[in-house]
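Subject: Structure handover

Hello,

Please find the structure below, followed by notes on what was found in it.

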Amino acid sequence: ASQQQQRSVDRVRALGFLQSILTVQQLGSTVEHILACVGGVLQNGPHVTDISCSGNVPHVRNVFADVMHAVVELASIQPAACINTIALLSIVPYTRKEEACLVRSGLVKLLDELCSLSNLPQGASSGEIE
């Protein structure tokens with residue numbers, strides 16, 4: 001149990017570092033590269049099965065959701081440039097208990113918006129259709 005406790009603390013700390021990187025004000029042109037790296041780290045989901053006895057599973061899920069939200073928020077600014085990260089996050093394994101994390105991240109909303117853009121008539125922009 002103490003090993004699981006340490007693992008959960010380390011996981012929260014690592015996710016916190018990712019969160020702090022994503023909230024830097026001057027990411028500039030490196031944002032796509034940073035999102036790709038962070039997406040690669042998040043691709044396995046919150047991975048809480050190995051910390052189930054630590055008592056920190058809800059905390060890990062919440063911090064994971066916060067990082068996911070930050071990634072989705074940044075990716076939604078330039079979705080075409082971040083399409084690989086968006087696709088990667090779309091296939092992250094989620095359990096039933098982690099559905100709230102997925103919804104809270106804004107990924108479902110972003111995917112809905114991107115799918116509706118693909119249904120626009122050719123040559124039309126989203127502002128022209130009402």
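The model is predicted. I begin with its largest nonpolar core, which has 30 residues; the members that touch the most other members are Leu15, Leu22, Leu35, Leu42, Val67, Val71 and Leu89. The elements giving two or more residues to this core are H1, H2, H3, H4 and helix H6, which covers residues 107–118. H3 supplies the largest share, 12 residues.

Now the chain as a whole. It has 6 helices and 0 strands, and read along the sequence its pattern is α-α-α-α-α-α. Of the 130 residues in the chain, 33% are buried. If you take the contacts between residues at least 6 apart in sequence, 73% of them join residues at least 24 apart.

Helix H1

Helix H2

H2 runs over residues 31–42. With 12 residues, H2 reaches 16 Å from its first C-alpha to its last, close to the 16 Å expected at 1.5 Å a residue. Which residues of H2 are buried? They are Val31, Leu35, Val38, Gly39 and Leu42. These residues cover an arc of only 105° around the axis, so they sit on the same side of H2. His33, Cys37 and Val41 are exposed on the other side of H2. The cover over the buried residues of H2 includes helix H1 (2–22), H3 and helix H4 (83–90).

Leu35 and Thr85

Leu35 is one of the buried residues of H2 and also one of the core members that touch the most others. Not counting residues up to four places away in sequence, Leu35 touches Leu22, Val71, Leu74, Ala75, Cys82 and Thr85.

Thr85, from that list, lies in helix H4. Is Thr85 buried or exposed? Thr85 is buried, because its relative accessible area is 4%, and buried means under 20%. Leaving aside neighbours within four places in sequence, Thr85 is in contact with Leu35, Ala36, Gly39 and Val71.

Val63 and helix H3

Val63 is placed in helix H3. It counts as buried because its relative accessibility is 14%. Which residues does Val63 contact, leaving aside its neighbours within four places in sequence? They are Val12, Leu15 and Gly16.

The loop between H2 and H3

His47 is placed in the loop between helix H2 (31–42) and helix H3 (57–75). Its phi is near 50°, a positive value in a residue other than glycine. His47 has a relative accessible area of 44%, so it is partly exposed.

Asn56 also lies in the loop between H2 and H3. A polar contact of 2.9 Å joins its side chain to that of Ser8. Not counting residues up to four places away in sequence, Asn56 touches Gln5, Ser8 and Val9.

Cysteines

How many disulfides does the structure hold? The structure holds 0 disulfides. Cys82 counts as buried because its relative accessibility is 2%. Cys101 is buried too, with a relative accessible area of 5%. Cys37, by contrast, is exposed.

Regards

Note on methods:
Residues are numbered from 1 along each chain as its sequence is written. This is a predicted model: local features need pLDDT of at least 70, side-chain atom pairs count only at pLDDT 80 or more; totals for chains, interfaces and linings use all residues. Side-chain values use heavy atoms; hydrogens and water are left out. Helices (H or I, at least four residues) and strands (E, at least two) are DSSP runs, numbered from the N terminus. Buried means under 20% relative accessible area, exposed over 50%, partly exposed in between (1.4 Å probe, protein chains only). A polar contact is a pair of N or O atoms within 3.5 Å; within protein, one must be able to donate a hydrogen and the other to accept it, and residues adjacent in sequence count only if both atoms are side-chain atoms. Contact means heavy atoms within 4.5 Å. The expected span of a helix is 1.5 Å times one less than its number of residues. The arc is that of the directions from the helix axis to the C-beta atoms. A disulfide is a pair of cysteine sulfur atoms within 2.5 Å. A nonpolar core is a set of buried Ala, Val, Leu, Ile, Met, Phe, Trp, Tyr and Cys residues joined through side-chain atoms within 4.5 Å.
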